[in-house]
Amino acid sequence: MATIAAEQPAEHRRAAVVRTAAERVGMLVLVLAALWGLWEGYRWLWIHEGWTWPFTVDSTTMPHIHDILRQLFRKPTSGVGGDILLVQLLHAAWFTAKEAIVGFALGASFGFLLGVALSQFRLLQRGLLPYVVASQTVPILAVAPIVVVYLGSLHVAPWFSVAVIASYLTFFPVTINTLRGLQSTNRQALELMRSYAAGRLSVLWKLRIPAALPYIFSALKVSATASIVGAIIGEAPSSIQQGLGGFIVNFNQYYSLNPENLWATNLIAALLGIAFFLVIVLVEAIVVRRAPEHVA
Amino acid sequence: MTTAPVAVQPIPRGTLAGRVGRHALDWIPALVVLVVVFVVWQESIAVFHIKRFLAPQPTDIASTFWTNRHELISAGWFTFQEALGGFAIGSGLGLLIALILARWRSFGRALMPYLIAANAIPIIAFAPIMNAWFDPFSKGSKMAIAAVLCFFPVLVNTLRGLTSVHPQSIELMRSYGAGEIETFRRVRIPTALPFIFTALKIATVLAMIGAIVGEYFGGAFTALGVLIDSRSTTFQFKEAWAGIGVACAYGIAFYLGVAIVERLTLRWVPSTGE
Amino acid sequence: MSVVEIKDVAKRFDGGTVALEGIELAIEEREFVSLIGPSGCGKSTLLRIIGDLIRPTAGTVRVNGKPAAQARTDRDYGIIFQDAVLYDWRTIARNISLPLELARWNRRRRNERVQEMLRLVELTGFEGHYPWQLSGGMQQRVSIARALSFDPSLLLMDEPFGALDEMTRERLNLELLRIWEASGSTVVFVTHSIAEAVFLSTRVVVMSPRPGRISHVIPIDLPYPRTAAIREDPHFFELVTNVREALHLGSDLDRKPAAPAAAEAQP
């Protein structure tokens with residue numbers, strides 16, 4: 001009986017891969033060009049017509065994209081000497097990334113363990129779940145100064161306080177999705193395990209958790225971004241200068257003088273967020289080998 | 001694995017009182033936890049000599065709240081309006097664009113990876129720029145931040161919901177001679193509703209965060225975020241914690257509001273996972 | 001001692017549905033017994049009661065002389081569902097070795113057994129594949145390999161070929177008989193298909209719904225080994241007709257009480 005995955009000749013497959021890659025790159029170039037066009041087009045139109053809604057457009061509020069890009073290769077004059085802006089931003093991005101990674105690791109591990117615990121003990125779920133949900137309504141970023149001062153008094157390095165803030169933003173999606181994934185195991189797969197007289201731990205380890213991986217990874221993707229956000233915003237009250245958050249606060253002060261600096265920083269921050277996200281996507285592709293999703 | 005049809009247990013009918021009673025019992029463990037946490041918090045401040053200015057006792061926070069309740073509640077209301085406005089604009093736009101992208105599906109499919117990537121951008125970093133665009137003392141600047149924060153998650157999740165319909169349901173509608181609009185109304189949108197509500201609940205949280213953190217970078221003195229920030233920097237932590245409590249309260253109320261609408265709208269979805 | 005002894009079993013679900021009532025059945029070693037009946041007659045429920053996946057509200061079930069629950073913890077049976085229920089994230093080889101891992105076999109023994117099983121169901125070479133790469137029929141064969149991997153003396157099968165096409169079904173019927181012969185196990189087989197029941201079994205147990213009960217038991221005296229040719233045998237048709245009539249008698253279409261009128265012996 002022939003299998004569905006028939007063996008194609010190797011050259012066919014290689015050609016197909018190259019073609020897909022070319023398509024993807026082409027699409028990317030197209031999208032970037034479209035965004036560039038939209039930006040400059042909007043800018044030109046609003047300045048030309050002098051419209052002031054939703055906001056006035058000029059070189060300060062919407063600098064030219066090429067000005068922003070050019071600024072990356074200049075040495076910034078607003079108080080931070082040294083290398084060209086791009087290099088400084090990359091260092092800052094790396095600094096922030098480290099905080100985010102630590103926060104992500106802490107938050108994701110805690111979130112996962114909490115999710116497993118909640119799934120196994122109904123009483124715990126009833127008792128804690130409302131607070132887990134409510135925890136996200138606490139504007140942690142407003143509590144940040146307090147967290148930083150308190151941990152500082154315990155002689156904790158400021159960057160670690162930022163990591164803690166990042167982990168707070170990370171754990172929630174992971175907990176909720178781990179719980180949901182563990183609870184949504186196929187009924188018959190559970191019956192099968194029962195027919196093997198499998199113990200609770202075996203069922204958890206061999207069935208529930210692997211089946212929950214897609215849910216967990218979708219949460220990790222959200223958490224990756226959240227950890228970056230936590231790290232960037234957390235840096236401000238901690239008076240950390242070396243990270244992206246510090247650069248944002250700094251350039252914000254001198255915005256009217258050099259708007260391009262802030263925009264350039266945001267560009268790098270955006271790329272950092274996307275890079276984090278892509279790392280998780282890559283890990284997911286390796287770890288989770290499932291049938292491709294079918295969408296209508 | 002292929003999903004086998006799961007026998008859904010019908011929701012047992014009982015008297016209304018019986019059902020409410022049963023649900024009320026479910027909440028007891030949560031209440032127990034709340035009481036225990038409060039007691040532990042109250043006592044450990046004294047026992048462990050935790051600096052009172054950092055983490056005041058709950059009773060202190062409560063009395064501070066009571067003294068300043070007018071100021072706090074109206075500040076909270078101010079910020080909540082920003083969040084609500086941003087939520088409405090961002091979610092509304094997200095839903096609209098999702099419907100459009102689901103209608104022209106090949107376009108939507110091509111854009112999907114980019115939308116997902118855009119969702120990964122730390123939008124909050126744009127807060128200072130929003131303050132440069134709009135008057136930082138106006139509600140509009142924070143609404144803009146909240147709106148952008150809400151837009152992408154709602155868009156991505158709604159689009160996913162609209163396109164994750166069984167191909168056979170679509171074929172069925174075609175066989176009835178139904179056009180695109182009919183198919184949307186009767187199949188795609190109902191299928192998407194659970195996804196939409198999940199996204200909306202997330203959006204309430206994001207909108208509140210956007211409003212408060214936005215105020216961090218500059219906002220009206222009558223705003224809650226500004227209040228919390230200024231009290232923190234002047235070491236008036238009792239007031240700061242009271243402000244945080246108010247922010248929580250508004251946030252929870254917002255979330256619950258959407259959750260209630262969801263419960264009423266989605267009565268036909270069997271509750272799985274118990 | 002019978003392999004399966006069911007005495008006066010009844011099952012009533014919360015909400016009042018009476019799925020089974022007054023079930024008495026004894027299954028001997030090496031028998032191939034089919035349970036057949038319309039929807040709602042409780043055949044799948046009965047199968048699950050034998051496997052201790054559902055507890056009866058009355059009566060007793062003994063498997064291999066022990067209570068059903070004990071037989072389950074001793075792993076005396078293997079179960080196969082209509083859905084192959086393979087784990088997406090495991091290769092074929094690791095799917096087959098799942099029960100062996102749970103029974104704490106060492107790696108070498110597991111690998112050997114997996115190869116044996118693959119040979120048995122004629123899927124050698126597919127160890128490294130993933131379930132979604134295989135057709136429905138092949139997935140079901142993996143599911144059979146998995147059920148047999150730990151040598152159970154009893155096989156419980158719940159409409160295993162129901163989701164497959166006719167040709168695949170007939171081929172798998174032949175394979176199943178071959179495997180049954182080779183392993184010397186006892187099989188309890190739930191099906192909707194009269195022809196399949198007659199083709200495979202030593203006895204066909206006809207059930208009727210509302211409440212679920214056994215209405216007839218029809219011995220199948222066709223010789224083994226059975227080949228495709230037997231489907232064209234006149235006696236085969238006779239037996240199929242007998243089963244069909246028994247089904248009609250037992251169902252709501254004809255409201256006569258379940259009398260052993262048109263069938264052979266009752267247990």
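In this predicted model, helix α5 (residues 105-119) and helix α7 (residues 139-163) of chain B have axes that come within 10 Å and cross at roughly 145 degrees. Axes here are lines fitted to C-alpha atoms, for helices over the stretch in contact, and angles run from 0 to 180 degrees between N-to-C directions. Helices (H or I, at least four residues) and strands (E, at least two) are DSSP runs, numbered from the N terminus. The crossing of α5(B) and α7(B) is left-handed, a term used if the near helix is turned anticlockwise from the far one by less than a right angle.

Two residues are in contact if their C-beta atoms, placed from the backbone, lie within 7 Å. On the α5(B) side the contact includes B:R105, B:G108 and B:M112, and on the α7(B) side it includes B:F152, B:P153 and B:L155. By class, the contact of α5(B) with α7(B) has 9 nonpolar, 3 polar and 1 charged residues. Ala, Val, Leu, Ile, Met, Phe, Trp, Tyr, Cys and Pro count as nonpolar, Asp, Glu, Lys and Arg as charged, and the others, Gly among them, as polar.

Residues are numbered from 1 along each chain as its sequence is written, while chains are lettered from A and ligands numbered from 1 in the order in which they are written. In this predicted model local features need pLDDT of at least 70 and side-chain atom pairs count only at pLDDT 80 or more, whereas totals for chains, interfaces and linings use all residues.

Chain C has 9 helices and 10 strands. Its radius of gyration, taken over C-alpha atoms, is 19 Å, close to the 18 Å that the globule rule gives for 267 residues, so chain C is as compact as a globular protein of that length. The globule rule is 2.2 Å times the number of residues to the power 0.38. The C-alpha atoms of chain C fill a box of roughly 55 × 45 × 35 Å along the principal axes.

Two strands pair if DSSP finds at least two bridges between them. One open sheet of chain C has 4 strands in the order β2-β1-β4-β5, with antiparallel pairing. Its edge strands, β2 (18-27) and β5 (66-67), each pair on one side only. Strand β4 (residues 58-63) pairs with β5(C) over 2 bridges, and C:R62 has C:P67 as its bridge partner.

Another open sheet of chain C has 6 strands in the order β6-β7-β8-β3-β9-β10, with mixed pairing. The twist averages 15 degrees from one strand to the next. Helix α9 (residues 234-250) of chain C packs on this sheet, touching β3, β9 and β10, and its direction makes about 165 degrees with that of β10(C). Strands β7 (residues 154-158) and β8 (residues 186-191) of chain C pair in the parallel sense over 5 bridges, with C:D158 opposite C:V190.
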